Amino acid sequence: MLTLTGTRIRTTAALLVAIVGVAARAEDRVRLRLGTSVAKEAQPKPPRTPRAPELRGTIVQATADAITIETPAHALKKEWVVPTEDVLEVFLDGEPEELRSGRGMVAAGDGAGALEQLAPTESADRATVWEQATNAVQAERMFVKSAANAQRAIRSGEGLEPALAGLRAFLKTHPRTHHTAFVHELMGDVFARMDKPDDALAAYAAIATQSPARRVRADMLKGRLHLDQKRWENARAAFDKAIAIESPAGDFSALLEKREARLLLARCLARDSRAADAIALARQLLSEADPADSTGLATIFVVLGEAQEATGDKNKDALISYLTVDTVHNGVPEAHAEALARLVKLWEKENHPERARDALQALEQTYPDSPWARLVREPAGS
C-alpha cells in the first residue's frame, strides 16, 4: 500500500547496487499525463518536444482516487494532490529496475513479458532485497505479479481462477492502492473471459467514482462487453451514456475516455449495418485529433477502415486507412497488429495474394503472440 507515514524505511543503497544492480534513488517520481490541468500547472512552459512532466519528492499518501507527493525542490508548490486518472506512472524510490520494466509491460498489456522481467528477481539470493524493501515497493511487486498473471490468463484462457484470486488478494491486502481502478478493470476482463458477463459488469461498475473520467470509463467498459457479445443496442446505450457524462472543459483524462467510447461506438455502428454513421463519426474524430498524437490517430484509422469495409463498396478506402497505420503510425502495437490482420484479409478479398502474404509475414514477425495473429491463422469458420 502506498500510504506512507513517519520515517520511510528504505532499502540499503549498497545492497541494491550489489544485488539488484541499480543505484538507489533519492526520490519518488509521479509522471503526469500530458494535457491534464496538473501537467500544465507543473510544467507551464513545456519543452519543444512534448514529454510528460514529473513531480519528484516523497509520496506521503496514495488512495484509489489520488496520490499526494511532497516536492520540496519544486519552484511552484511543495505538495501536490494528483488525481490517479491524471497519472501515467509512479516510480518508487528503491524499486528494482526489473519491477519498473515489468510494470511498463503490464501497462502495455503484455503480462507474459512482465513475468519474464520479474523472473530474475524471484531467485533465493534476491530474497533479502525484497525483505528490506519498503512496503510501497513490496505492494508494487504484488501488483505487477497479479496483474501480469491476469493478463496472461486472459490471453491464453488458462489459469483464470488463480488469476482472479491473485487480483482479489492484492485488493484485500492493499485496499487503498492507486491501482484500484486498473485491478477492477482486469477483474472484469477475467470474468468476461470466463463467460460471466454479470460479474464482469459488476467489476466495471466498481471503477466509477465521483471522477468524470472514471465514470466514463466504467460505462465505456460495459459497452465494450456488450459489443463483444454483439448486443448492439445495449452497447450503443452504454457508449452514449459514457459520452454524455458531464466533465469540466479542462478535464483531459475524461476527454480521452470519451474519445475511446466514441471509437467503440463507431465500431458498434459499423457492425450493426450503420456503416455510413460509423464513417462519419470516425472522420469527426480524425478532424479533432492532434496531428502529433500517433497513438490516437492509429486507432482512429483502424476504426475508419473497419467502417469503410462494412459498406461493402469502399474496400480501396479501407486499404488506404489500414496502410496509413502500417506506414505512418506503426509504433502503436495493438492498432498496427489489427491493421496488418485486416490487410491480410482485405488484400486476399481484392485478389492481391502477394500483398496479403507480405502483410501476414509482417504480422507474424512483429506480433507473433498477438490475438490478431492467432485470428488470421485460424481457419475460416473455426
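Q: Which residues in α6 meet which residues in α7?
A: In this predicted model, α6 contributes Ala139, Met142, Phe143, Ser146, Ala147, Asn149, Ala150, Ala153 and Ile154, and these meet Leu160, Ala163, Gly166, Leu167, Ala169, Phe170 and Thr173 in α7. Sorted by class, the contact of α6 with α7 has 12 nonpolar residues, four polar ones and no charged ones.

Q: Why are α6 and α7 called roughly antiparallel to each other?
A: Helix α6 (residues 135-156) and helix α7 (residues 160-173) pack with their axes 8 Å apart and at an angle of about 155°. Angles over 145 degrees count as roughly antiparallel, and therefore α6 and α7 are given that description. As for handedness, α6 passes α7 in a left-handed crossing.

Q: What makes α9 roughly antiparallel to α10?
A: The axes of helix α9 (residues 197-205) and helix α10 (residues 212-228) come within 8 Å and cross at roughly 160°. Because the cut-off for roughly antiparallel is an angle over 145 degrees, α9 is roughly antiparallel to α10. Here the crossing in which α9 passes α10 is right-handed.

Q: Which residues of α9 and of α10 make the contact?
A: From α9 come Pro197, Ala200, Leu201, Tyr204 and Ala205, while α10 supplies Ala218, Leu221, Lys222, Arg224, Leu225 and His226. Divided by class, the residues of this contact are eight nonpolar, one polar and two charged.

Q: Why is Ser321 called buried?
A: The relative accessible area of Ser321 is 4%, and a residue counts as buried when this value is under 20%, so Ser321 is buried. Ser321 lies in helix α15 (residues 315-327), and, leaving aside neighbours within four places in sequence, Ser321 is in contact with Phe301, Leu304, Gly305 and Gln308.

Q: How do you know that Ser253 is buried?
A: Ser253, which is found in helix α12 (residues 252-271), has a relative accessible area of 3%. Since buried means under 20%, Ser253 is buried. Leaving aside neighbours within four places in sequence, the contacts of Ser253 are Arg33, Thr36, Glu85, Asp86 and Ala213. Ser253 and Ala213 are 40 residues apart along the chain, and their C-alpha atoms are separated by 5.9 Å.

Q: Which residues in the largest nonpolar core touch the most other members?
A: This core has 101 residues, of which Val30, Leu32, Leu55, Phe239 and Leu363 touch the most other members. Helix α16 (residues 333-349) gives the core its largest share, nine residues. Not counting residues up to four places away in sequence, Val30 touches Pro53, Glu54, Leu55, Ile59, Ile67, Ile69, Val87 and Glu89.

Q: Why does Lys230 count as exposed?
A: Lys230 has a relative accessibility of 61%, and exposed means over 50%, so Lys230 counts as exposed. Lys230 is found in the loop between α10 and α11 (232-244).

Q: How do you know that Asn351 counts as exposed?
A: The relative accessibility of Asn351 is 61%; the cut-off for exposed is over 50%, and therefore Asn351 counts as exposed. Asn351 lies in the loop between α16 and α17 (353-366).

Q: What is the phi of Lys230, and what is the phi of Asn351?
A: Most residues other than glycine have a negative phi. Lys230, although not a glycine, has a positive phi of about 65°, and the phi of Asn351, which is also a residue other than glycine, is near 65°, a positive value.

Conventions
Residues numbered from 1 in each chain as written. Predicted model: local features only at pLDDT ≥ 70, side-chain atom pairs only at ≥ 80, totals over all residues. Heavy atoms only, no water. Axes fitted to C-alpha atoms, helices over the stretch in contact; angles between N-to-C directions. Helix = DSSP H or I, 4+ residues; strand = E, 2+ residues; numbered from the N terminus. Parallel < 35°, antiparallel > 145°, perpendicular 65-115°, else oblique. Left-handed = near helix turned anticlockwise from the far one by under 90°. Contact = heavy atoms within 4.5 Å. Nonpolar A, V, L, I, M, F, W, Y, C, P; charged D, E, K, R; others polar. Buried < 20%, exposed > 50% of the residue type's maximum accessible area, 1.4 Å probe, protein only. Core = buried A, V, L, I, M, F, W, Y, C linked by side-chain atoms within 4.5 Å.
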